Amino acid sequence: MTLTIHEIKAERDKRISAILTKNGVFFAFSNEQFLANKTPLDEGDKYVSMGMGGYLPKSKADSYLKDMADDDQWFKDQVKANDQRRAHIAYELSNHECYYTGDIDSAVSALGDDYTFDEVHEVYIQERQNVDY
């Protein structure tokens with residue numbers, strides 16, 4: 001059974017949620033939220049920022065990075081195994097509102113080094129006529 005890009009992304013959301021929980025990641029955008037959301041620390045440990053309002057125990061940082069890298073590879077493998085490369089490009093073009101703005105750079109950036117500008121542009125040209133503005 002072939003999975004769609006939406007099914008792969010839904011499974012990835014579950015996997016990332018489990019990674020965040022496993023590694024004690026929490027988000028806070030104020031001191032009050034930090035105090036309310038912080039996860040337990042082992043003695044002598046401290047929190048480190050991972051950017052974008054995210055924090056985790058320093059002792060879990062390497063585990064978090066490895067888990068996220070493993071998940072990234074899992075996602076790439078799923079896109080390839082399920083022949084969803086073109087659908088992934090179309091998803092990111094839509095997600096970044098490229099059909100509305102006419103600028104595909106943010107989608108190219110989000111897709112990463114596994115995709116070329118020309119490949120993304122080709123899908124953009126083919127798909128834009130099917131998009132309702």
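Met-52 is exposed in this predicted model, where buried means under 20% relative accessible area, exposed over 50% and partly exposed in between (1.4 Å probe, protein chains only). The relative accessible area of Met-52 is 76%. This residue is placed in the loop between strand 2 (47–51) and strand 3 (54–57); strands (E, at least two residues) and helices (H or I, at least four) are DSSP runs, numbered from the N terminus. The phi of Met-52 is positive, near 55 degrees, in a residue other than glycine. Most residues other than glycine have a negative phi. Residues are numbered from 1 along each chain as its sequence is written. Because the model is predicted, local features need pLDDT of at least 70 and side-chain atom pairs count only at pLDDT 80 or more, while totals for chains, interfaces and linings use all residues; side-chain values use heavy atoms, with hydrogens and water left out.

Strand 1 and strand 3 run antiparallel and are joined by 2 bridges. Within this part of the sheet, Phe-26 is opposite Tyr-55 of strand 3.

Helix 1 (5–22) and helix 3 (61–81) have axes that come within 10 Å and cross at roughly 170 degrees. Axes are lines fitted to C-alpha atoms, for helices over the stretch in contact, and angles run from 0 to 180 degrees between N-to-C directions. The two helices are therefore roughly antiparallel, given that angles under 35 degrees count as roughly parallel, over 145 as roughly antiparallel, 65 to 115 as roughly perpendicular and the rest as oblique. Contact, defined as heavy atoms within 4.5 Å, involves residues including Ile-8, Arg-12 and Ile-16 of helix 1 and Asp-71, Trp-74 and Phe-75 of helix 3. By class, this contact has 10 nonpolar, 2 polar and 9 charged residues; Ala, Val, Leu, Ile, Met, Phe, Trp, Tyr, Cys and Pro count as nonpolar, Asp, Glu, Lys and Arg as charged, and the others, Gly among them, as polar. Lys-76, also found in helix 3, is partly exposed at 34% relative accessibility. Its C-alpha atom is separated by 9.9 Å from that of Ile-8, 68 residues apart along the chain.

Helix 1 also packs with helix 4, at an angle of about 75 degrees and with the axes 9 Å apart; these helices are therefore roughly perpendicular. Ile-5, His-6 and Lys-9 in helix 1 meet Ala-87, His-88, Tyr-91 and Glu-92 in helix 4. The buried residues of helix 4 are His-88, Ile-89, Ala-90, Glu-92 and Leu-93, and they pack against helix 1, helix 3, helix 5, helix 6 and helix 7. Glu-97 follows helix 4 and has a positive phi near 55 degrees; this residue lies in the loop between helix 4 and helix 5.

The largest nonpolar core contains 18 residues, a nonpolar core being a set of buried Ala, Val, Leu, Ile, Met, Phe, Trp, Tyr and Cys residues joined through side-chain atoms within 4.5 Å. Phe-75, Ile-89, Leu-93, Ile-104, Tyr-115 and Val-120 touch the most other members. Leaving aside neighbours within four places in sequence, Ile-104 is in contact with residues including Leu-93, Phe-117 and Val-120.

Technical notes:
Two strands pair if DSSP finds at least two bridges between them.
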